[in-house]
Amino acid sequence: MKIVHTDVLVIGGGLAGLRLAIGAKRRGHDAIILSLVPAKRSHSKAAQGGMQASLGNVAKGQGDNEDVHFEDTVRGSDWGADQEVVRMFVNTAPKAVRELAAWGVPWSRVRKGDRTVIINGQKVTITERDEAQGLVAQRDFGGTKKWRTCYAADGTGHAMINAVADQAIADSIPVHERMEALALIHDGNRCYGAVVRDLVSGELSAYVATATAVCTGGAGRVYRTTTNAVICEGIGHALALETGVSALGNMEAIQFHPTGIFPAGILVTEGCRGDGGLLKDVDGHRFMPDYEPEKKELASRDVVSRRMEEHIKKGKGHQSRFGTHLWLDITLLGEKHIHTNLREVWDICHYFLGVDPVKEMIPVRPAQHYTMGGVRTDASGQSATLKGLFSAGEASCWDMHGFNRLGGNSVAETVVAGMIVGESVADYCDAIANAPTVPMGLVREFVEREQAKLAAFTKAGGKEDASVIKGEMQDLMTAKVGIFRTGADLEEAVDKLQKLLVRSRSIGLRSPTLGANPELVTAYRVQRMLKVALTVAYGACVRTESRGAHFRQDYPQRNDAEWLKRTLATWKGDADTLPTLAYEALDVGRMELPPGWRGYGAKDYIDHPDTPARQSAVEAIRAQHAGDRFATQAALMPYEHLLPEYLRGRNERIDERFADGDRPAAATTGQ
Amino acid sequence: MTMNATPRNHRKLRFHILRYNPAKADDTPRVQVYELEEAPGMTLFIALTEIREKLDPSLQFDFVCRAGICGSCGMMINGRPSLACRSVTQSFPEDIWLAPLPVFELIGDLSVNTGKWMRGMSEKLETWVHLQQEKLDFTRIEKPMDPALAEEVYELDRCIECGCCVAGCGTARMREDFVGAVGLNKIARFRLDPRDARTDEDFYELVGDDNGVFGCMSLLGCHDVCPKQLPLQTQIAFLRRKMVAQGTKG
Amino acid sequence: MSSNQETIAGVGLADRPRKSRWPARMDLAQSTTGLVLALFMWGHMFFVSTILISKDAMWAVTKMFEGYFFFGKAYPGIVSLVVATILAILVLHAFLAMRKFPANYRQYREFVAHKNLMHHGDTTLWWWQVLTGFALFFLAAAHLYQMLMHPGDIGPYPSADRVWTGSWWPLYLVMLFAVELHGGIGLYRLCVKWGWLEGKDPAASRAKLKTAKWVLTAFFLALGLLTLGAYMKIGYEHRDRAGEVYTPAWVQPNPMEKAP
């Protein structure tokens with residue numbers, strides 16, 4: 001049996017995994033990254049529009065700061081987020097952008113003076129300040145009060161992962177490509193690494209590590225129509241789930257992006273709307289202002305997606321040979337803007353639709369886009385129930401997104417969580433108590449168990465076809481666990497998914513070899529995907545309220561009284577066909593921003609009994625510290641102690657200059 | 001939907017695919033033909049996935065983003081390296097020839113190890129920003145950068161490392177140590193980046209030989225097949241001038 | 001910092017591996033020699049084609065190169081000198097260009113397969129450059145050696161006699177095609193290699209350069225064929241008096257003849 005030893009095993013070579021590994025490595029711990037694909041091909045690359053960080057450089061971002069970003073994010077989450085984590089995030093995001101700027105990300109920069117932009121369908125002239133010349137620029141995104149989304153044209157994730165992956169190479173961090181983790185090695189209390197399969201040779205080995213981090217991204221491929229890459233199959237989620245110990249949080253919270261191109265589902269960025277693009281119906285009518293007079297096209301994604309589907313149901317969709325869709329119109333932005341700031345969009349339209357978005361409208365319809373739920377961790381990024389298991393990025397439920405993520409907050413989360421959790425991992429490895437005492441018998445047992453499971457596919461003579469089961473699951477999820485959900489649909493979905501799970505236990509292979517074998521890969525993945533799909537469907541079925549992206553037609557209200565809590569799903573036994581659900585209440589009494597109206601979307605919700613009391617307490621504290629936003633915040637909800645020391649401290653802005661010499665030394669990075 | 005009323009006659013496509021699994025001791029390279037009915041809007045991603053699901057579960061190929069941005073699916077399509085995911089079958093005749101990218105290590109069938117090659121190139125050419133100073137304070141306002149320069153850097157940073165330029169390069173096919181247009185473009189990119197402290201003297205150490213910029217014979221295969229339309233011709237010429245100036249001075 | 005500085009901060013770092021400067025020099029030299037040869041060739045073609053104007057015109061050009069109009073006397077040695085220089089440049093160019101040729105069978109096979117698969121114009125053109133360049137090793141060398149040793153044998157009759165009676169015309173015919181293709185492609189490649197004449201739209205400029213390249217090649221091939229034809233005709237008509245030197249009617253005495 002081949003065993004690889006390392007301090008830190010990072011599963012997933014996207015932005016979160018890379019940044020986490022860099023953090024751990026710079027603290028002196030060896031890290032190995034496992035990746036299904038070369039790191040730079042990870043799905044992080046597909047983030048187009050940008051990364052939110054309250055730099056406030058552009059005129060329309062003036063007055064932006066951590067407080068505004070915090071409120072936008074919490075409102076976006078429909079109060080599902082962990083507010084302490086959101087605070088950690090918004091305070092670190094500007095530092096992350098600046099670190100990336102130093103690492104070579106070609107952020108688009110501010111040009112001083114007048115420029116013409118499109119706002120609400122009108123040409124508007126904005127004057128950028130002289131002192132902003134050359135600083136990182138921001139664009140508008142949905143659900144935000146200020147222009148906050150930093151971007152590199154519309155290839156932001158691409159530029160970011162180039163820079164971060166290159167830093168990982170500079171730090172000599174090995175990326176073991178085409179390697180797939182099949183199971184986490186654990187004893188019920190602590191995680192010791194993973195059983196890993198070489199996708200080229202089929203060989204199994206054990207990677208034994210002090211700390212293991214799941215950074216595997218989303219689970220979009222449990223759906224048929226998704227913007228996600230084909231590798232986003234939720235396998236990291238399944239790894240944690242199959243331990244039976246660590247939990248998945250809020251898996252029913254699935255985001256649908258308003259503008260997947262129709263019918264392929266490939267994403268065109270929110271930046272299209274942020275930069276002034278409009279949604280139109282079959283009559284060429286701009287319909288969003290009818291539903292959302294305030295934020296219009298730039299309400300949060302869950303709201304815009306629902307409004308679009310609602311409009312289609314009213315018969316206002318355009319009928320095409322592939323089905324019904326709406327239109328995204330960016331022709332008003334002009335050729336120059338599209339060719340410089342929306343180049344990938346142009347490329348995608350050109351190659352996949354044969355459409356020139358400079359002259360024609362783009363056919364769009366909402367498509368599955370983001371998995372808000374994931375491996376439940378505490379604020380440090382560690383599983384509360386399985387020591388030594390960490391998670392960061394989309395795979396995690398660190399919980400800064402709650403039930404709906406804002407555009408631009410996901411790539412931001414990847415690097416910010418990578419920075420923070422990287423430190424936690426290093427702290428964990430530093431602690432003597434965690435010195436590796438590897439139970440080798442356990443390691444062997446796990447490898448043999450996986451070996452036996454694989455052998456069963458080739459020998460047991462099962463008759464089920466893996467890709468057929470996968471297809472049925474995807475269709476079912478898209479049809480029944482989509483944007484509009486009902487109890488009946490969800491029950492049907494849960495029932496059918498369970499049957500599919502049972503069937504998946506007798507998959508047979510037409511090409512029964514254990515080496516490089518795509519069919520075998522589909523076979524063992526579909527079993528895991530079904531478990532993940534069940535956490536989504538079952539979680540949605542039980543949650544009888546609507547919150548963020550989770551919308552129940554039979555329970556259209558947000559119900560804080562009963563449901564201001566996080567779903568925790570675990571998978572107790574191998575023979576089970578349903579996850580075990582538990583709930584973790586969110587403490588209104590500690591919230592900096594007590595639940596209320598989001599500022600867009602439906603206005604009716606059922607209050608939590610503690611909300612009024614907390615609301616008046618918050619108002620009292622605000623009055624007491626009026627004029628000092630830092631003191632106010634510290635009094636409302638202290639969080640800085642949760643951050644690694646070097647990430648504490650304020651962020652300088654044009655409007656919040658540091659006086660020379662008032663900088664705490666601790667905030668210097670690059671240890 | 002009106003389309004359902006008039007069933008259309010779709011073309012029968014014939015995919016001629018080079019099959020070979022180097023991991024199997026007894027395998028020999030051969031061309032296998034698969035027939036598939038064309039569907040509207042069909043890309044090679046859709047077609048190959050269908051072939052694998054319905055006709056041959058053992059067929060190996062790589063797709064990740066299927067949106068033309070990750071660079072995983074470079075392959076020889078009717079003789080030219082290109083991204084399969086965004087190649088629409090309509091633009092081809094009924095016979096479509098698919099082969100793995102040459103130069104790179106073959107994993108099996110259409111799957112090649114571009115990742116290993118690119119990592120090796122990156123390590124050799126040190127394709128990362130070499131900071132002027134070790135410690136930076138990220139709480140302070142970032143250093144300004146000329147907006148036009150940032151756009152120029154982004155332009156070169158758009159490379160997706162798909163390997164098409166390498167497969168389309170006569171030099172790379174003859175000489176395995178040649179860094180290819182992808183490598184030269186990266187050097188041009190970091191050379192342009194004011195955050196990188198390296199000088200032409202440093203860059204000469206990396207590409208100032210026949211495995212680097214002087215190995216390029218200006219066949220421009222790279223430029224003509226680049227799926228991202230990077231200005232490789234211009235950049236390599238520019239780099240050649242700078243490296244010759246560096247190499248012949250003093 | 002000078003590239004030759006071998007100490008840094010006063011510490012000898014002579015062992016620090018440094019890239020040789022020679023690849024840069026060789027790359028520049030390959031292009032420079034190529035450019036010189038291509039321009040020489042065009043000039044050469046214009047000079048020999050003066051036969052199409054008249055024998056006298058060609059005679060005058062010949063004598064000009066022998067210094068007749070400067071010194072009042074012909075010095076064929078000058079021609080030898082020019083030929084020797086060109087030969088040296090040619091040898092240098094061939095030596096440098098050879099580095100780029102397929103060096104073994106594997107490379108040969110890879111390139112040919114690549115060219116046949118890609119159907120890519122500039123790649124195919126390079127292969128023509130390799131083939132013509134290879135041919136020119138021999139063809140040009142033979143021609144230049146002849147000129148080096150018999151510098152005086154240039155003129156309306158001596159040249160024509162060499163072409164016809166001396167049976168050089170098959171060599172010249174092949175060489176004409178080789179030289180014009182090689183030089184034309186080479187000049188085009190020099191432009192794209194160094195980014196000359198790129199303009200604001202490099203793609204459009206490249207297309208224009210390519211057109212210009214073909215037009216020039218066609219022009220010089222036509223001119224070359226006519227010229228070669230003219231020499232063959234003169235040589236054929238003069239075959240009985242081969243060896244006789246041409247002297248224009250207006251020049252007396254024959255400058256080649258030693259004064260009695």
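**A tour of a predicted model**

Start by selecting A:P263, which sits in the chain A loop between β13 (254–261) and α6 (271–274). This is a predicted model, so what you see here is computed. Look at the link from A:F262 to A:P263: that peptide bond is cis, with omega near 5 degrees. Most peptide bonds are trans.

A:N120 isn't a glycine, yet its phi is positive, about 55 degrees. Its relative accessibility of 39% makes A:N120 partly exposed.

Now hop over to chain C and select C:L197, in the loop between α8 (169–194) and α9 (202–237). Here too phi is positive, near 50 degrees, in a residue other than glycine. C:L197 is exposed, at 62% relative accessible area.

Last stop: show chains A and B together. The contact draws 85 residues from chain A and 73 residues from chain B. Between them the two chains bury about 6400 Å², with 53% of that on carbon and sulfur atoms. On the chain A side, highlight A:R41, A:R321 and A:Y351, which lose the most area to chain B and together make up 12% of what that side buries.

How many salt bridges cross the interface of chain A and chain B? There are eleven. To see a salt bridge up close, zoom in on the side chains of A:R178 and B:D62, at 2.9 Å from N to O. Then color α4 (156–170) of chain A: α4(A) gives the most to the side that touches chain B, with seven residues.

Definitions and conventions: Residues are numbered from 1 along each chain as its sequence is written. Chains are lettered from A and ligands numbered from 1 in the order in which they are written. This is a predicted model: local features need pLDDT of at least 70, side-chain atom pairs count only at pLDDT 80 or more; totals for chains, interfaces and linings use all residues. Side-chain values use heavy atoms; hydrogens and water are left out. Helices (H or I, at least four residues) and strands (E, at least two) are DSSP runs, numbered from the N terminus. Buried means under 20% relative accessible area, exposed over 50%, partly exposed in between (1.4 Å probe, protein chains only). Contact means heavy atoms within 4.5 Å. Buried area is the accessible area (1.4 Å probe) that two parts lose on being put together, summed over both. A salt bridge is a side-chain nitrogen of Lys or Arg within 4 Å of a carboxyl oxygen of Asp or Glu.
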